[in-house]
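Dear colleague,

Please find below the structure that I promised to hand over to you.

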Amino acid sequence: MKILLLANSDLASNYALNLLLPRLQGHELKLLLSSSVGSSSQHGPELQALKFFEQQLFSELVFPLLCEASAPGMTGFDGFSRFLSEPVSIENNINSTASLARVTSFSPELIVSIRYGGILKGPLIAMPKMGVINLHSGRLPQYRGVMASFWAMLSGDEALGTTLHTIDDGSIDTGRVIASTSAVLDREKSYLGNVLDLYGSGVEILVQAIAALASGETLSCTEQQQGGSYYSFPSAQDLERFTAMGYVLYSPQEVLAFAREHYLGGQQATVLQ
């Protein structure tokens, strides 16, 4: 099966793809990355620091060094080439005429989105005969939009989760639900740490859905229930409330431990110290 993968160039997307790609052997794969989700130019220092730890630190420093050193753990985006039919490329304007032409030349039978930064529109959505599916790092319909786990934590939820759903039109996170996961919130971990923890089970339901489609099955989907809200990036006041509840957006110590465990095979991450 020809599968077009859309993801964002951040740590969580990379981790999810490291879990996913080895399990898609036998399929023909193409990967396009967005550079970011939304515009960060107006974000305050807290969100800018989060972006550094979840994106810039790894994409600009750690992943290139891992490639040079042939580290024993997971790989950066460039290391995915062995799974793909062509090199990874950045595509921030997925609905443009030029981009649609490139996608058409690949002729995907299925499009899979994980944290992709763009909103897919009609012509692209209509292209693959098996449709478009998205792994959302939040429970639907409660938390549509960005940073779903942040909003769940701010709302006092005891559990976080992922939702695998179809993308049927240009709206955001409104498609039919294929499957979902749930995990108890770890109050000792940061927002970023809890998000990363979601992708083990999230990728599992994604793999199951792809396998079902590849075998000719029709996915069992349910319409989303009424209710829920769409969330954008938090304001300064939202972040103050988050901190007052005892939470942090990120922990450098967590990031270092995560890098050691998953990307360095347990070795000392001297470059991060």
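**The enclosed cavity**

The lining of the largest cavity is made up of S137, G138, R139, Y143, A148, S149, A152, L160 and G161. Please keep in mind that this is a predicted model. The structure holds one cavity of 30 Å³ or more, and the space in the largest cavity comes to about 40 Å³. Both α5 and β7 supply at least two residues of this lining, and α5 gives the most, with three residues. Sorted by class, the lining of the largest cavity has four nonpolar, four polar and one charged residues.

**The pockets**

Rolling a probe the size of a water molecule over the atoms shows where empty space is left.

The largest pocket holds about 910 Å³ of space. Its lining consists of 44 residues, and those nearest the centre of the pocket are V37, R115, Y116, G145 and V146. Which elements supply at least two residues each to the lining of the largest pocket? They are α2 (45-69), β5 (132-136), α5 (148-154), β7 (159-166) and α6 (191-197). The element that gives the most is α2, with five residues. By class, the lining of the largest pocket divides into 17 nonpolar, 20 polar and seven charged residues.

The second largest pocket holds about 260 Å³ of space. It is lined by 16 residues, and L33, S59, F63, F77 and D78 lie nearest its centre. Two or more residues of this lining come from each of α2 and β3 (89-90). Here α2 provides the largest share, seven residues. In this lining, seven residues are nonpolar, seven are polar and two are charged.

Side chains of opposite charge can pair when their charged atoms come close. The count of salt bridges comes to ten, and three of them are described here.

One of the ten joins the side chains of R23 and E204, with a distance of 2.7 Å from N to O. This pair links distant parts of the chain, as R23 lies in the loop between α1 (11-20) and β2 (28-34), E204 lies in helix α7 (residues 199-214), and the two are 181 residues apart. R23 has a relative accessible area of 43% and is partly exposed. E204 also counts as partly exposed, at 30% relative accessibility.

Another salt bridge joins the side chains of D157 and R139, at 2.5 Å from N to O. D157 is in the loop between α5 and β7, and R139 is in the loop between β5 and β6 (143-145), so the pair ties together parts that are 18 residues apart in sequence. Is D157 buried or exposed? D157 counts as buried, because its relative accessibility is 15% and the class of buried residues covers values under 20%.

D168 is partly exposed at 40% relative accessibility, and R176 is partly exposed with a relative accessible area of 30%.

Yours sincerely

Note on methods: Residues numbered from 1 in each chain as written. Predicted model: local features only at pLDDT ≥ 70, side-chain atom pairs only at ≥ 80, totals over all residues. Heavy atoms only, no water. 1 Å grid on protein atoms, 1.4 Å probe; cavity = no way out; pocket = protein on both sides within 12 Å on 5 of 7 lines; lining within 4 Å. Points joined across faces, edges and corners; volume = space filled by probe spheres on them. Helix = DSSP H or I, 4+ residues; strand = E, 2+ residues; numbered from the N terminus. Nonpolar A, V, L, I, M, F, W, Y, C, P; charged D, E, K, R; others polar. Salt bridge = Lys/Arg side-chain N within 4 Å of Asp/Glu carboxyl O. Buried < 20%, exposed > 50% of the residue type's maximum accessible area, 1.4 Å probe, protein only.
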